[in-house]
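I want to see who pairs with whom, and how accessible the partners are.

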Amino acid sequence: MSASRTARERVRAELTREITDIARGQLATEGASGLSLRAIAREMGMVSSAIYRYFPSRDDLLTALIIDGYNALGEAVEKADAAVAREDHAGRWLAVCHAVRDWALAHPHEYALLYGSPVPGYKAPMDTVAAAIRDTVVYGRIVSDAHEAGVLNPRDGFPAPPAAFSGDAGRVRDIIPGVPDDVIARALLAWTGLFGWVSFELFGQFNNVILDPRAAFEHAMRCHAALLGLPA
């Protein structure tokens with residue numbers, strides 16, 4: 001019984017991987033809104049009813065793809081951070097930024113699923129949250145570590161966040177613990193700036209404008225590091 005169950009589980013895992021692999025191909029050709037369980041079943045030589053045993057609906061398949069994408073990006077960011085000395089906070093930040101950009105360029109359609117236009121009619125369930133914040137947790141740890149080490153030195157001349165931001169900062173502090181509101185405001189600006197730059201590059205807004213995108217990206221992320229007060 002145990003061996004039989006293990007074999008069934010192995011077959012199910014293999015078929016699930018095949019389904020999600022084909023679905024990622026559909027993202028490239030049809031976009032997320034064009035994802036079709038019936039088309040995947042035809043490509044696999046399955047009757048359409050059989051595929052619903054693995055994914056009861058298109059939204060369940062979308063959720064699986066989103067979780068896989070967030071986990072893949074999170075793993076890339078975690079590995080990049082782990083490869084840099086803990087005390088090199090600016091180096092960790094730059095490594096994380098390049099990991100995000102490199103992953104996005106290597107997986108443009110998955111990046112678009114995560115950070116592009118919402119899929120009509122789809123609402124991501126809470127199941128996606130843990131995977132979605134893996135990269136953010138790493139980023140928050142870098143900022144918190146620099147603050148705790150006493151090396152975070154934000155530059156003067158920037159306006160203080162409004163009083164209404166205090167409640168928002170308190171929620172973000174779950175991910176960036178131990179830092180004041182103004183640092184959280186700068187951290188959010190830097191993090192969204194990273195993804196804004198990557199999205200502009202990936203979706204073509206820099207075409208025929210930025211001719212050395214990696215060098216320009218490096219400079220932009222160093223500027224964000226300076227905004228945060230990370231030591232050079």
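Predicted model: local features only at pLDDT ≥ 70, side-chain atom pairs only at ≥ 80, totals over all residues.

Started with the total: I get 13 salt bridges in the structure.

Entry on R134 and E78. Their side chains form a salt bridge, with N to O at 2.7 Å. I looked up where the two sit: R134 belongs to helix 8 (residues 134-148) and E78 to helix 4 (residues 58-82). They are 56 residues apart, so I log this pair as a link between distant parts of the chain. Then I checked accessibility. R134 comes out at 25% relative accessibility, which makes it partly exposed. E78 is at 30% and is partly exposed as well.

Entry on R86 and D81. Here the salt bridge has N to O at 3.1 Å. Buried or exposed, what does D81 count as? D81 has 3% relative accessibility, and the cut-off for buried is under 20%, so D81 is buried.

Which residues are linked with D81 and R86 in a network of salt bridges? The network takes in R92 and D145 along with D81 and R86.

Entry on D181 and R173. Their side chains meet in a salt bridge at 2.4 Å, N to O. For D181 I read a relative accessible area of 25%, so it goes down as partly exposed. R173 is also partly exposed, at 25% relative accessibility.

Definitions and conventions. Residues numbered from 1 in each chain as written. Heavy atoms only, no water. Salt bridge = Lys/Arg side-chain N within 4 Å of Asp/Glu carboxyl O. Helix = DSSP H or I, 4+ residues; strand = E, 2+ residues; numbered from the N terminus. Buried < 20%, exposed > 50% of the residue type's maximum accessible area, 1.4 Å probe, protein only.
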